[in-house]
Amino acid sequence: MAEDTGKLRLDKWLWFARFFKTRSLAATRVAAGDVRVNGDRVTKRSTTITPGDILTFSQGRVVRIIEVLAIGTRRGPAPEAQALYTDMSPPPPPKETPVPENPRFEGKGRPTKRDRRQGDLSRARHLE
């Protein structure tokens, strides 16, 4: 049925393409108005999409911009799902502050056994 018309419900397609774990979760996000189809906000779960449509929605902290390439017939494995769309989302910005690999160099972290011995010796010398 979906193959003949070349159309599919939006919530079903989002589930087929593995953007949401369950179809009811996809339907909830669509009903909340979190999904845009070709720039228009959509609140009906039964909105039909066709190849060439552009979908915009947030997934976690990332905004996804997806072009629909094909209409799926089932929720198959991940490679099959990735063939249904092209991801046009901009790459995430690079992190500005890199985390040091070893925080001890900044005076943080747990002291080593050698550091503790040196601290004990310096305290003992100070008391003499």
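1. Helices here are DSSP runs of H or I with at least four residues, and strands are runs of E with at least two, numbered from the N terminus. On that basis the chain of this predicted model has five helices and seven strands, and from the N terminus on its elements follow the order α-β-α-α-β-β-β-β-β-α-β-α. Of the 128 residues in the chain, buried ones make up 25%.

2. The largest nonpolar core comprises 21 residues, and those with the most contacts inside it are Leu10, Trp13, Leu14, Phe19, Ile49, Leu55 and Phe57. At least two residues of this core come from each of α2 (10-16), α3 (23-31), β2 (35-37), β5 (54-59) and β6 (62-68), and among these elements α2 gives the most, with four residues.

3. Five salt bridges are found when the whole structure is searched. One of the pairs is Asp11 with Arg9, whose closest N and O atoms lie 3.2 Å apart. Asp11 counts as buried because its relative accessibility is 2%, under the 20% limit, whereas Arg9, at 32%, counts as partly exposed. A network of salt bridges links Arg9 and Asp11 with Arg23.

4. The side chains of Asp87 and Arg64 also meet in a salt bridge, with an N to O distance of 3.1 Å. This pair links distant parts of the chain, since Asp87 belongs to strand β7 (residues 85-87) and Arg64 to strand β6, 23 residues apart. Asp87 is partly exposed, with a relative accessible area of 38%, while Arg64 is buried, with a relative accessible area of 16%.

5. Asp34 is partly exposed, its relative accessible area being 34%.

6. Which residues gather in a patch of positive charge on the surface? They are Arg110, Lys113, Arg116 and Arg117. Arg117 is found in helix α5, which covers residues 113-127, and has a relative accessible area of 48%, so Arg117 is classed as partly exposed.

Definitions and conventions
Residues numbered from 1 in each chain as written. Predicted model: local features only at pLDDT ≥ 70, side-chain atom pairs only at ≥ 80, totals over all residues. Heavy atoms only, no water. Patch = residues over 30% accessible without salt bridge, like charges linked within 9 Å, V, L, I, M, F, W, Y side chains within 5 Å. Areas by Shrake-Rupley, 256 points an atom, 1.4 Å probe, with all protein chains shown as cover. Salt bridge = Lys/Arg side-chain N within 4 Å of Asp/Glu carboxyl O. Lys, Arg positive; Asp, Glu negative; His and termini not counted. Charge placed at Lys NZ, Arg CZ, Asp CG, Glu CD. Buried < 20%, exposed > 50% of the residue type's maximum accessible area, 1.4 Å probe, protein only. Core = buried A, V, L, I, M, F, W, Y, C linked by side-chain atoms within 4.5 Å.
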